[in-house]
Amino acid sequence: MMGSQLIPLPPLTIIPGTNLTWESFEHHFILELLRRQPEPTIHEPAEISANNRMFSTQLKALIFQLLSSSQLLSQPANLRALAEAWCNRKVLLWRSFPFNNLPVEIVINIFRFAVWSTLGSPEGILLRFRLTWVCRRWRHIVVHDQTLWNTILFTDFKIGHARSRLFLQRAGTSALDLRIDDNIPSRVTPNQPMTADNMQQLLDTLAPKFSQIRLFIAVIEMWPPILVLLDRLHKSSRSLEQIERIEIHRTGRPYRWNGPGYPLSDYQHALTLCDGRTRRVNSICLNGIHLDWDRCHLSNLTVLDLRRMPPELGPSFERFREMLKSSPNLKKLCLDGAGPIRPPEPAESSHTPVVLPQLESFVLGDFSVEYAVFCVNAIHAPNVHEVTVLNLLSADHTQLIRALTGKFPELLMATLYGLDVPKSQQGAKAVAEWLLSIPKVKFMRMALIKPNVYANFFIDSRLRLRDDMPLIATLEESQAIIGNGPIILCPQLEAIEVQQIDHESVINFAYGRAKDGVPLRKLYVYKEWEERLKPNGRMALQRIGPDLLRVTQPMTMTPFESDLWKQLGEGREELDIYPKSNDSNEADACWTISFSLDVLLMLLLSCITLCTHLLVAIDVLLC
């Protein structure tokens with residue numbers, strides 16, 4: 001045994017001569033190794049197995065030798081040799097491991113881990129089929145594991161839902177998580193959205209499984225199929241009493257539709273949502289549709305997400321308060337262009353805020369500032385960790401900022417889109433007081449924020465908290481109130497994501513925080529922003545931190561946010577509403593049978609990489 005470290009970690013650096021990070025280099029190099037491997041046989045000759053074990057031991061010795069070299073970082077050739085030895089040894093360990101000797105229950109767990117760790121829905125669908133293509137044993141295990149097939153994405157309209165019906169069959173009697181997605185790539189004709197007849201046919205396919213549905217998501221553009229769906233949910237309500245999560249998104253416009261053929265009055269009974277039989281529903285999202293709120297039994301919710309509803313069609317304020325009061329474990333409240341009907345002023349002020357001790361995420365968007373203040377004042381949620389404020393209809397958000405001040409002392413993450421205050425001492429003071437009330441915030445996502453707002457993050461807040469201080473203080477005025485060091489707002493802020501903010505402002509932000517002794521660890525930007533960054537700006541950010549700048553994808557959670565939620569013990573296990581990739585050929589590709597070596601070995605890569613404890617066990621045996 002060479003030292004106590006079984007398998008040394010790879011260096012986190014750019015591989016010389018490649019311009020690739022370690023992760024990218026490892027991915028590309030291992031793929032090349034896999035393509036060069038000889039075709040596997042059912043029983044590998046003992047001589048080949050012995051040679052592989054010997055070569056693996058030699059590679060391990062080389063890895064330790066390179067890692068212990070004092071010239072490792074100064075010699076690019078050594079770094080590349082280390083990377084290649086690491087990758088070669090990984091592949092040898094995978095080939096040497098007797099995977100099919102594992103008990104079935106362990107193999108099943110590995111398969112589930114691999115499938116459920118995929119980056120997007122299409123990738124997960126394809127991986128399920130690839131698992132069945134490897135060998136007879138794997139096919140039998142996968143086909144008979146119902147939990148691998150009970151998450152079903154209905155986007156295979158072009159092949160008559162053949163893939164989805166196969167998933168339904170293999171899911172057997174397990175609880176079902178379903179999503180119907182009317183997106184352009186999945187349509188037979190791109191400019192022809194789903195029709196009422198299409199929805200009726202799809203629901204007929206699902207009808208025998210209604211009693212197994214646990215989660216149901218529909219993302220539909222037009223009103224007719226939505227109305228058919230609501231009508232069917234109403235008529236089949238007794239079969240749907242096991243459902244726990246419902247999301248219905250109508251993506252088209254306008255907000256209301258009273259067109260010929262489907263008069264809204266004909267479907268009023270369906271708008272009760274499952275005829276009021278929703279006692280097990282704990283998560284509900286309604287986007288672009290409304291309900292008969294008084295006839296819906298909505299309580300014990302953990303998620304209440306309302307979006308894009310006409311103001312007069314939201315729940316009454318009394319009904320909204322009842323829903324909140326009967327949901328003491330509510331964790332997420334989203335009001336985006338939808339919410340309760342605001343009562344007259346005397347009635348509004350007579351109500352005390354509803355206490356929501358478990359609320360962690362609060363979203364406000366597409367309102368007037370006055371209505372947003374009304375929503376903030378309607379609740380008391382001191383343990384909120386995440387707040388989102390976006391697209392408020394005003395050029396002055398001072399009133400909302402004052403309402404937020406002191407409201408969420410445990411805040412860790414904030415998303416601010418278009419937040420604005422006048423360039424005045426009173427506006428600066430309002431922002432400073434709010435930031436002073438959220439000292440624990442660690443991450444912020446900001447878009448369309450003016451310099452006078454985010455300048456407060458790196459300006460001594462004592463110059464903002466005095467009513468008698470001008471917006472731009474003279475040196476004498478500043479020194480008159482500066483005594484025992486500056487008051488740094490949001491001292492624990494470690495990462496930000498910026499959108500539609502100019503390069504100079506972002507660099508000034510990062511530089512100002514570093515100057516105050518509270519530098520950022522991560523600055524997340526979109527690829528377009530990063531590509532337009534000039535060399536001198538890039539150098540300025542690198543001086544603050546060599547690993548500061550990170551490119552992220554739109555509409556995705558950053559790694560920093562994911563880590564924060566993990567620390568809070570809140571895994572964000574959500575079925576994607578919008579898939580990260582929409583390959584129009586994906587459905588057809590699922591049916592293309594391929595027994596290539598790449599498929600087999602890439603599957604092993606996916607499975608066994610995710611089970612590193614197995615690799616450590618192998619390493620012990622080989623030493």
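Of the 623 residues in the chain, 51% count as buried. The model is a predicted one. The chain holds 23 helices and 18 strands. Among contacts between residues at least 6 apart in sequence, 77% join residues at least 24 apart.

Helix α4 spans residues 104-116, which makes 13 residues. From its first C-alpha to its last α4 reaches 18 Å, close to the 18 Å expected at 1.5 Å a residue. Six names make up its buried set: Val107, Ile108, Ile110, Phe111, Ala114 and Val115. These residues lie on the same side of α4, because they cover an arc of only 160° around the axis. Glu105 and Trp116, on the other side of α4, are exposed.

The table gives the residues that make the contact.

| α4 | Val104, Val107, Ile108, Phe111 |
| α6 | Arg137, Trp138, Ile141, Val142 |

By type, the residues of this contact divide into seven nonpolar, no polar and one charged. On the α4 side, Val107, Ile108 and Phe111 take part in the contact and are also buried. Arg137 of α6 belongs to the contact as well, and Arg counts as charged.

Technical notes: Residues are numbered from 1 along each chain as its sequence is written. This is a predicted model: local features need pLDDT of at least 70, side-chain atom pairs count only at pLDDT 80 or more; totals for chains, interfaces and linings use all residues. Side-chain values use heavy atoms; hydrogens and water are left out. Helices (H or I, at least four residues) and strands (E, at least two) are DSSP runs, numbered from the N terminus. The expected span of a helix is 1.5 Å times one less than its number of residues. Buried means under 20% relative accessible area, exposed over 50%, partly exposed in between (1.4 Å probe, protein chains only). The arc is that of the directions from the helix axis to the C-beta atoms. Contact means heavy atoms within 4.5 Å.
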